[in-house]
Structure formats: structure tokens, C-alpha cells
Amino acid sequence: MPELPEVETIVRELRKDLVGLRFKDAWTDWAKTLHQAGGLERFKKEIRNKKILSVRRRAKYIVLDIEGRKTIFIHQKMSGHLLYGKWVFKDKKWTSTIAGPLRDDRNNQYIRVIMGLNNGYQLALADLRRFGKIILVDDKKVDDLKEIRELGPEPLEISFSEFKRLFTNKKGRVKQVIMDPHFIAGIGNIYADEILWRANLHPISRVEHLDDKDLKIIYMAMVSILKSAIKHKGSSMDDYRTPSGTKGNFQNLHKAYHRTGEKCSRKDGGVIKRLKLGGRSGHFCPVHQVVK
Ligand SMILES: [Zn+2]
């Protein structure tokens with residue numbers, strides 16, 4: 001599932017590609033994707049000739065504001081990712097006419113939705129597992145969407161004192177707490193593991209045992225890892241690709257996530273271990289990550 005750095009990478013690229021263009025048409029072979037957009041025919045009618053005014057991110061969601069009173073809200077879910085390029089429909093499938101990863105990488109070939117643009121390019125949703133959703137919502141009701149209204153703050157937009165306040169009276173294991181989107185938005189399994197590795201904390205540490213110094217270290221690790229991951233265009237562990245179809249690079253810089261059996265890069269003699277926590281795999285160094 002794409003986390004904050006992957007979605008931010010997509011949004012930054014799409015902002016350059018899309019703002020100022022107009023939608024012409026839309027196609028899908030998977031009606032469910034557009035169910036909350038009123039179905040394909042309604043969606044086509046609502047977006048036709050509408051100019052794209054802005055592209056932004058909230059948590060793991062992509063928000064396209066278009067002319068008129070509607071906003072397009074995209075939840076990529078497990079394997080969905082937006083692509084920008086050119087495709088033609090032949091032999092019952094869409095094939096990109098742009099040589100390279102858009103055409104050749106299998107992860108970019110599961111095209112479920114195509115939206116035509118007035119410059120001859122298209123915006124596509126590639127989605128192997130078909131859980132992605134495109135929702136049309138009134139501009140004024142974006143913040144009322146159930147996906148949005150209960151979200152915690154954005155990790156790159158809060159100060160340390162605001163971050164610290166979140167932990168007041170909070171209980172639980174630190175990894176599960178920071179992965180809870182109602183607590184803080186956009187951090188999933190990859191970045192939780194990387195943040196805790198950097199912060200020297202074992203994932204099962206309990207937040208009620210952390211002092212201000214520990215919280216400061218988590219905060220600093222969170223900000224620096226998320227920023228670095230955005231700079232490296234996110235982590236392509238499986239399906240995620242940037243809008244031009246290329247992989248992100250941050251997976252090459254992971255210190256803990258999916259590094260089971262490798263020597264800890266702190267050179268502390270530790271070997272990265274895996275544990276199950278709340279049904280998810282956690283990865284950590286048993287030497288420098290301490291339980292609190
Ligand atoms: Zn270590």
C-alpha cells in the first residue's frame with residue numbers, strides 16, 4: 001500500500017503534468033472503481049471539458065480539484081497507482097505508445113480507468129487488485145468524507161509540541177500507534193519500521209513509557225525519513241510506481257524493512273529480525289532498538 005512518500009511523489013509529479021489541462025473523456029472496465037463517482041456515464045459528464053485546478057494530497061489520498069463544484073478524490077488502495085502518458089486500446093487492452101516502463105513494466109499494465117486529456121495525453125489508474133476507488137464529491141464536502149474526517153494530522157505539517165500533545169494519555173505499542181491513521185496520517189508498515197530503527201526504539205515499546213526525549217527522537221526520525229523518502233520518490237516494494245511508470249528508489253535505503261537476516265547498518269553486531277505485531281510484520285535490530 002502506498003504510504004505518505006509514495007502518494008506525495010505521485011502528487012508532485014501530477015501537479016506538474018496536469019494543472020491547467022482539461023479532461024475530455026473517461027473509460028473503465030471495472031465499474032466498481034467509479035461507483036462512488038456515480039458510475040462511468042455520470043463521471044464522464046461531470047469531468048468533460050473541466051480544467052484541472054490543483055492536485056494535492058491528504059494522508060494517502062489524492063485530491064484533484066476541477067472547475068465547477070466537484071472534486072475528484074482518489075484512493076489508490078493496495079496496488080493502485082496513477083500514471084500519466086499515452087495509451088491505445090487494441091486487442092481488448094490498453095498498451096502505452098511510450099517506450100519504457102509505461103509500456104513494458106507489468107505493474108503498469110493493469111489499466112482499469114483511463115481519463116483522456118486535451119493535450120492528447122491520458123491519466124490512467126493501473127490497479128492489479130482492483131480495490132482502487134475514484135470518488136466525485138462536492139468541493140465543500142471533501143473534508144466530510146469518511147476517509148478524511150477522522151484522520152490524524154499530517155506528520156510533515158505538525159510541530160514537535162503538537163506531536164507531543166498527541167501522546168497525552170495515549171496507550172499502546174509504539175509501532176501500532178504511529179501506524180494508526182486516526183492518530184497521525186500517512187505512516188504505514190514501511191515507514192513505521194524505518195522511523196523506529198532510526199529512533200532506537202523496539203516496535204513493541206509502549207508509548208506510555210516514553211518520555212519527552214524519546215518523543216523528540218521519534219519526531220526527528222519521522223520528519224527526516226519521510227522527507228528523504230520523498231526525495232528518493234518513495235519505496236517500490238511491489239506495485240507502486242511514479243506517474244511516469246518508473247520505480248521509486250527509497251527501498252534501496254531501507255535499514256530495517258524487509259532486511260531480515262541482514263547485519264544492522266549501525267555495525268553494532270545486530271542482525272535484523274522480524275516479528276508479528278497486530279497481524280503485520282515488523283523488522284528491527286535487537287541490539288540498538290530497546291524496549292521501553
Ligand atoms: Zn542495530
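Helix 2 (residues 40-47) lies across strand 3, strand 4 and strand 10. Its direction runs at about 130 degrees to strand 4. Helices (H or I, at least four residues) and strands (E, at least two) are DSSP runs numbered from the N terminus. Angles run from 0 to 180 degrees between N-to-C directions, with axes fitted to C-alpha atoms, for helices over the stretch in contact. The model is predicted: local features need pLDDT of at least 70, side-chain atom pairs count only at pLDDT 80 or more, and totals for chains, interfaces and linings use all residues. Residues are numbered from 1 along each chain as its sequence is written, and side-chain values use heavy atoms, without hydrogens and water.

The open sheet has four strands in the order 2-3-4-10, with antiparallel pairing (at least two DSSP bridges between two strands). Strand 2 (52-58) and strand 10 (133-138) are the edge strands, each pairing on one side only. From one strand to the next, the twist averages 20 degrees. Strand 4 and strand 10 run antiparallel and are joined by six bridges. Phe 73 stands opposite Ile 135 in strand 10. Helix 1 (residues 4-18) also packs on the sheet. It touches strand 2 and strand 3 (61-66), with contact meaning heavy atoms within 4.5 Å. The direction of helix 1 makes about 170 degrees with that of strand 2.

Met 78 is found in the loop between strand 4 (70-75) and strand 5 (81-85).
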